[in-house]
Amino acid sequence: AKYCGSKLPVVRKVDGISVIVIVGDDLQWFETGMPHFLAQKVVEMELVVIEVDTSPDFSDVMKDAKRHFPNLTSVRIETDPRFPLNNKTAFNVGIKTARYENIIRTTADTRPASTKWLECMAQGFERGEVLIAYAGLERKGGFANGVMRSQRLAESVRYLSAAIKGK
């Protein structure tokens with residue numbers, strides 16, 4: 001297996017990366033998750049936040065944050081009971097909004113492990129067109145945490161297998 005930091009040849013230079021996060025009405029993510037993404041040590045990076053059914057308070061906080069962080073972009077999506085919205089549709093809106101060709105999708109319940117996370121992920125773009133990564137859950141005590149970590153791993157293996165098969 002190849003890990004971040006391995007000495008693989010660079011095929012092309014990454015021009016920029018858009019990180020897409022789909023969030024609900026979660027002010028806690030704004031305080032605890034978003035700063036980790038914005039603190040990345042990458043020159044050309046954009047954080048695209050897709051707000052799904054967020055309150056006006058959350059949208060106001062995002063508008064204020066965009067004034068302080070020029071690499072932050074947000075799109076607010078209101079759902080309609082007649083036309084349900086799924087994550088795939090919200091992600092598609094994020095792709096259309098993204099400034100850069102290289103896109104990383106993550107979820108609101110994850111956060112980078114370090115300020116060099118995005119730099120490490122960008123190495124995958126330098127070697128190919130598709131980048132698949134695994135976001136494990138933090139190891140905590142208890143049976144439920146073990147089950148959730150196992151389910152996350154199994155789901156990731158299914159995705160990776162489908163990608164290898166070309167489906």
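Helices here are DSSP runs of H or I with at least four residues, strands are runs of E with at least two, and both are numbered from the N terminus. By that count, L118 sits in helix α5. L118 is also buried, with a relative accessible area of 0%; buried means under 20%, exposed over 50%, and partly exposed in between (1.4 Å probe, protein chains only). Its C-alpha atom is separated by 9.9 Å from that of A39, and L118 and A39 are 79 residues apart along the chain.

A quick word on the model: it is predicted, so local features need pLDDT of at least 70 and side-chain atom pairs count only at pLDDT 80 or more, while totals for chains, interfaces and linings use all residues. Residues are numbered from 1 along each chain as its sequence is written, and side-chain values use heavy atoms, with hydrogens and water left out.

Now the overall layout. The protein chain has 6 helices and 4 strands, and from the N terminus on they run β-α-α-β-α-β-α-β-α-α. Of its 167 residues, 32% count as buried.

What about aromatic rings? There is 1 aromatic pair in the structure. The rings of F37 and W117 have centres 5.8 Å apart and planes at 80°, so they sit edge-to-face. (Rings of Phe, Tyr and Trp, the last by its six-membered ring, pair if their centres lie within 6.5 Å; planes under 30 degrees apart are stacked, over 60 edge-to-face, the rest tilted.) This pair links distant parts of the chain, with F37 in helix α2 (residues 34-38) and W117 in helix α5 (residues 117-127), 80 residues apart. Both F37 and W117 are buried.

On to charges. The structure holds 5 salt bridges, each a side-chain nitrogen of Lys or Arg within 4 Å of a carboxyl oxygen of Asp or Glu. Among them are these:

| Salt bridge | N to O distance |
|---|---|
| R99 and E46 | 3.8 Å |
| R76 and E78 | 2.9 Å |
| D80 and R82 | 3.0 Å |

R99 lies in the loop between α4 (87-97) and β4 (102-107) and E46 in strand β2 (residues 45-52), so their bridge ties together parts that are 53 residues apart in sequence. E46 is buried at 1% relative accessible area, whereas R99 is partly exposed at 48%. In the bridge of D80 and R82, D80 is partly exposed at 25% and R82 is exposed at 65%. R76, the partner of E78, is partly exposed at 37%.
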